[in-house]
Amino acid sequence: MASLKRSFDRGPFAANISSKVYVRSTKSGKVQKIVREVYLRQDIPCSSRLCHVCLNTVPKDAAGQAIPFVLSDAPAGTSVFPQGHYLVPDTNALLSAMDLFEQSSAFYDVIILQIVLEELRNRSLPLYNRLIGLTKSEDKRFYVFFNEFRLETHVARLDGESVNDRNDRAVRKAVAWYAQHLARTKARKVPAVVMLSNDRDNLRKARDEGLHACSLTEYVKQLKDGDRLLDLIPETEDRDTAKGKRPGEQNLYPEYFTMSKMMTGIKSGLLHQGIFNVSPYNYLEGSIRVPAFPKALLVLGRENINRAVDGDLVVVEVLPKDQWKEPSSQVIEEEAVTKNENPDAEGNEDFVSEKERKALQEDVKRTQSKTTEGHAQPTAKVVGVVKRNWRQYVGHIDQSSVSQSGQQGRKQDSVFVIPMDKKIPKIRLRTRQVAELLGKRILVTIDAWDRGSRHPSGHFVRSLGELETKAAETEALLLEYDVQYRPFPKTVLDCLPKEGHDWKVPASIEDAGWKDREDLRDLLICSIDPIGCQDIDDALHSRPLPNGNIEVGVHIADVSHFVKPNNAMDNEASIRGTTVYLVDKRIDMLPMLLGTDLCSLKPYVERYAFSVLWEMTPDADIVGARFTKSVIKSREAFSYEQAQLRVDDGSQQDDLTGSIRILLALSRKLRQKRMDAGALSLSSPEVKVQMESETSDPIDVKTKEHLDTMSLVEEFMLLANTSVAAKIYDAFPQTAILRRHAAPPKTNFDELSNQLKVKKGLELSVESSKALADSLDACVDNSDPFFNTLVRIMATRCMMSAEYFCSGTQAYPEFRHYGLASEIYTHFTSPIRRYADLVAHRQLAAAIDYEAVHPSVRSGGRLEAVCKNINVRHRNAQLAGRASIAYYVGQALRGKATEEDGFVMKIFSNGFVVLVPRFGIESLIRLRDLADTEPQATYDAESYTLKTTGSREVTVELFQKVRVRVTDQKDETTGKRGVKMELV
Amino acid sequence: MASTQHVLLSPAELAYLHAALSLTPPIRPDGRAPAQFRPLIAETGILPGTNGSARICFADGTEAIVGVKAEVERTRLADGATAGTEWEEGGSARGEGEDDDGGDKAGDSDWVGLTVEIPGYRDDDAGTAFLGAMLSEALLADGAFARRLWINRRFHWKLYLDILLISPPLSYPLPLLSLTTHLALLATRLPLLKSEGDEDPFFDDDWAAARHLYPRGSGSSRTTKESARPPVTLLVMAVGNNIIFDPAKEELAVADVALAVSVAEDTAVATSTAATMDLDDAAVPAARSLRLLSIRTIDPPSRLTPPGVPNAANSAYGATTAQNQPEARTAEAEAVEGVWRAPRGGAKPLVMAALVQKVLEKGGVADEVLDALDAVDLG
């Protein structure tokens, strides 16, 4: 009987077939045995420019072009390999030191084996993505070699061999093959093929086989700036060797549950999964929102937080009721509490330090002294981390953690890094360059957080520069908020029109660019923007119609004409999501050429536009709306102030001014209608930093003035957005990109409405946005005009944030924009600076049959991913903008001391937060700042009053107007120049 | 089906066969000894996508393949307790549960799904259904098989056995299917469990780490109470006082009695001897002791064969009375030497006893078959 088995050892092509067997567990709980056949081939090139053999078999792309080879024919050498070398890292080398590979001073000509890439993807997706980024960059010369599919380098697993051993062997085999293959090229200088690994066994085996192999440390030492790079090698490597020596090491934290135990618990509803958030005021208090409960669960104390870091996806278990607590009313700052800790003495101290305990005791006292049992909130403890969300953190070295010996010499030293983000715990860092790094902004990553270590350990990535230099602080800000600020790559710039700045709207109407475009060049269109605005998104016009109605047009830059779906520029824009405005800098979403010239609706030139045209009655009732692509010629680009002056100046009687006046009149009516429907007028403290024009040093801070012309533009933009939203939803009920603002849960306002009731006797009704708007209007304190704004600011903080979404993911009633009281809304009017608008443009163009529907505009999954990304980017951009203002406000105040009015926004038992509207800043005043010796204080949580006695006697109440002295101060521990306030 | 298959033999041929098989020692048409099996060829692992598979080919050209697939299934809780609370308790009492596998790890016969397919027959054909029932009965008879599928108190493996005869059913396929199933189960591996206690199961993704459903090789496996190998079902028949194993189609056509006997390696050894066995294992292979699991009588086709007519009663030879009362003649005719007469009545108790004895005896057929299958590479 002939065997039916697939024979791997017979037949002429037997050698070319192999197979791979593994077990796949699906989400639904199925467990399957999977067998994959692997077809081995010999035409996978080595991609070295030295090699001529591979050139003959190299695969060609669809255009018949051979894919160019990546690895240099004259790679750089090191002290040990002067002839030049190619690197072949194994998975662990990449896992532990990806930062090294991203260096620009070394690590060129790297061969990434397929097996390594796959393993990396399974172990860490973010690292995998970074590596993919590297392989795409042209100058780093990283080549992915599909060793598993090449006949000579394929390795079949032996009996009893572990997967890891097999993969290590595959790496060695590939290294050996490369060495042999390159030797055959007969080049004058054959580069060495060097395996990089931290696995001793693997290194030894490689050397036994006669291959070049180095550990990361050995290799880095061969490089020129090796000492500097050594710090980038994470300390886990050193720890591996040192571990055995520390038998007395205790585990400080409880062990995490196994993944399967967590999943079982979550499914059965006993455990809960959610994103862990740390309170910005108290680093020992975290909260986690889980789907099972309407309110967030509290996580209190180091032990319960159990090594979770802000942003991690964690699993928690609810604690028994006797351990439920109130959220702390105290400010606990890590720097203050854990000051003077010794980073070297690990584990010897008590796990929860004496000071930390004290801080917690206060809490307990307070909770128990009161009868308000109902206030206790459910607490939980972290039992496991599903996904770490560690990124790179900006911080600086804690001066007090540096030992004397560390300041000189280059021996490796442990120090603490205090991240800029207060929610991130301090990170223990081992570095040889303490002396150089002191007083610098540095970028670090967290490598691990062992059970035996009080703080997470990390390694140094790079230095951004001196503290408080503009460049370092701006870069720090951009890194902290994950803003993509690198220059646009060449692939993106290649997508720009070839004519560059000379591009013009084609003169001939027969040209393809004019197809289906309306000629609106004779309309009196103008734009109104802030001073100095270069990226002009929108322009307006109005003209009376013969029937007594008015035609109003909003014209938006036609960005989608220049940015075609799915090309490199589109992808880059979708990743950036939005343009980020800092005080002195703008990080564009689209290349300058488009943003400030070709798309920008500059005056006196013809531009492509996407126009929304309404016919309105003089009472601002809409008769009809129409959308069209067009060509316009803006007559003038006004600033808000200019436009305002012109409107107010009765002597100006030209048509253009007349048209602005009509628009202004209509906008007031539109606004009134919106308010009647229940739109909220919210507020946030906004200021503007004035710069000296030459040095761009901040000289003064001003609150923003509100002009009528601002609301003119705003009203028509809102109208355009709403009209477009309705249109694209009509055309694409499943995939329209819209923006919603969910109604805030009632509980969000509990605190504020209670505060208003207790302190001012005012009622806040929150049933609907209309009711809220009305009750906010009623919140007036006659003695204090700012009070209303203060309440609005605080109410704004209770709201949900608005978000982009894809219409198929929500039911129609959920589309509502709560703040604008609009049933449906989208963003359409700023495609130069927001990606969502660009997508809306494409959808609208398809909806009016201007162009065919592009698949990317139609695919729900893709749009959801886009929405998710731009929601995050949008938020980060706002935060970065605010942080930038805060930094410059600090700089502007440098060396000055002014007295200003402030308002108490929040009260703790050991401090209170004051908002100074003049500068739009808020700051914490601690009790210990009040006098030299910290005064005794009693805090009455019922009436929100803090009364101090002893060294200084003051009574502070919520909403109270206080006089504060504002000075700048460089906080020695955080290294931030911040505003310091003192009660006068 | 197949046991009542039509055999194209004349009464005279039947009578001749019967006579030959009744001799001491019997003379079998293919010259085999009474307890000799037909040669077979076997291999495992022919279906890479299954958890275990095997194929056996008998010398008469019949051939079967068996594939075993396992799926994780949630165990229904008899007392109606919710899975959640069940898990909580399991977590605390985990240590105990693990040791005391006899009480806790109860299996259920639902955990095995078995389908038999015989070419040319519908799957609800009585014969096919009977074959399937016999095979699964043998599997479950030792009570320990389903227990192997226990993962934890909330989950178990559900095993699907697909048994396919891929040649036409030339002889009664029971022994072929049973042996193939046996071999497939021996080759079956289940992914290695990594989770503990009553958690949702979580498995090692390395197939090489998967463990055998019937762990092989080491002596330690012998000390467990469960049998180390799946059962086999043998077809045995008796003609007169002769006991004949693995009958061919023609032999079955003249059987007085045919039995399907299921045996398993008996490892229900008293725990006191387990220790000594361990010691023995090192030096000499432990003697195999067999345990009878089930016996089923099979209706031999011989009962439906037309009887021969003795010359004395044949009108062609001048007999006249026969035509008048044919029923009476058939019923009461005396056995005539050399004239075929379908067997009637049950098996004699003595023959039955001898038959079972023969199956179970040391060095007997079952032993031989198991030894032969032992030699198959489970790859």
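User: Let's begin where the two chains meet. How many residues of chain B are in contact with chain A?

Analyst: Keep in mind that this is a predicted model. In it, 26 residues of chain B are in contact with 26 residues of chain A.

User: Which elements of chain B give two or more residues to that side?

Analyst: They are strands E1 (40–44), E2 (52–58) and E3 (63–74), together with helix H2 (83–92), of chain B. H2(B) gives the most, with three residues.

User: How do the residues on the side of chain B that touches chain A divide into nonpolar, polar and charged?

Analyst: On that side of chain B, 13 residues are nonpolar, five are polar and eight are charged.

User: What ipTM and pTM does the predictor give the complex?

Analyst: The complex has an ipTM of 0.75 and a pTM of 0.66.

User: And chain by chain, what pLDDT does chain B average?

Analyst: The pLDDT is the predictor's own confidence in each residue. Chain B averages 77, and 76% of the residues score at least 70. Among the elements of chain B, E3(B) has the highest mean pLDDT, 93, while helix H3 (residues 94–99) has the lowest, 38.

User: Where in chain B is the pLDDT below 50?

Analyst: One such stretch is residues 80–103 of chain B, which has 23 contacts in the model beyond near neighbours in sequence. Another is residues 218–225 of chain B, with 15 contacts counted in that way.

User: What does chain A average?

Analyst: Chain A averages a pLDDT of 83, with 89% of the residues scoring at least 70.

User: Now the overall make-up. How many helices and strands are there in chain A, and how many in chain B?

Analyst: Chain A has 30 helices and 37 strands. Chain B comes to 12 helices and 11 strands. As for burial, 38% of the 984 residues in chain A are buried, and 37% of the 379 residues of chain B count as buried.

User: What share of the contacts joins residues that are at least 24 apart in sequence?

Analyst: In chain A, 67% of the contacts between residues at least 6 apart in sequence join residues at least 24 apart. In chain B, residues 24 or more positions apart account for 74% of the contacts with a separation of 6 or more.

User: How should I read a pair of packed helices?

Analyst: Look at the distance between the axes, then the angle, then the residues that touch. Take helix H22 (residues 655–676) and helix H23 (residues 708–731) of chain A: their axes come within 9 Å and cross at roughly 65 degrees. Angles of 65 to 115 degrees count as roughly perpendicular, which means that H22(A) is roughly perpendicular to H23(A). The crossing is left-handed.

User: Which residues make that contact?

Analyst: H22(A) brings Leu663(A), Leu664(A), Ser667(A), Leu670(A) and Arg671(A), while H23(A) brings Asp708(A), Ser711(A), Leu712(A), Glu715(A), Phe716(A) and Leu719(A). By class, six are nonpolar, two polar and three charged.

User: Could you show me another pair?

Analyst: Helix H4 (residues 114–123) and helix H5 (residues 125–136) of chain A pack with their axes 6 Å apart, at an angle of about 140 degrees. That makes H4(A) oblique to H5(A). Leu117(A), Leu120(A) and Arg121(A) of H4(A) meet Leu125(A), Leu127(A), Tyr128(A) and Leu131(A) of H5(A). This contact has six nonpolar residues, no polar ones and one charged.

User: Which residues are buried in helix H16 of chain A?

Analyst: In H16(A), residues 470–480, they are Glu473(A), Thr474(A), Ala476(A), Leu477(A), Leu478(A), Leu479(A) and Glu480(A). Their packing partners are strands E13 (392–397), E16 (440–448) and E17 (457–466) and helix H29 (860–892) of chain A. After H16(A) comes Asp482(A), with a positive phi near 55 degrees.

Terms used. Residues are numbered from 1 along each chain as its sequence is written. Chains are lettered from A and ligands numbered from 1 in the order in which they are written. This is a predicted model: local features need pLDDT of at least 70, side-chain atom pairs count only at pLDDT 80 or more; totals for chains, interfaces and linings use all residues. Axes are lines fitted to C-alpha atoms, for helices over the stretch in contact, and angles run from 0 to 180 degrees between N-to-C directions. Helices (H or I, at least four residues) and strands (E, at least two) are DSSP runs, numbered from the N terminus. Angles under 35 degrees count as roughly parallel, over 145 as roughly antiparallel, 65 to 115 as roughly perpendicular and the rest as oblique. A crossing is left-handed if the near helix is turned anticlockwise from the far one by less than a right angle, and right-handed if clockwise. Two residues are in contact if their C-beta atoms, placed from the backbone, lie within 7 Å. Ala, Val, Leu, Ile, Met, Phe, Trp, Tyr, Cys and Pro count as nonpolar, Asp, Glu, Lys and Arg as charged, and the others, Gly among them, as polar. pLDDT is the predictor's confidence in each residue, from 0 to 100. A residue is buried if 20 or more other C-beta atoms lie within 10 Å of its own, exposed if 12 or fewer, and partly exposed in between; C-beta atoms are placed from the backbone.
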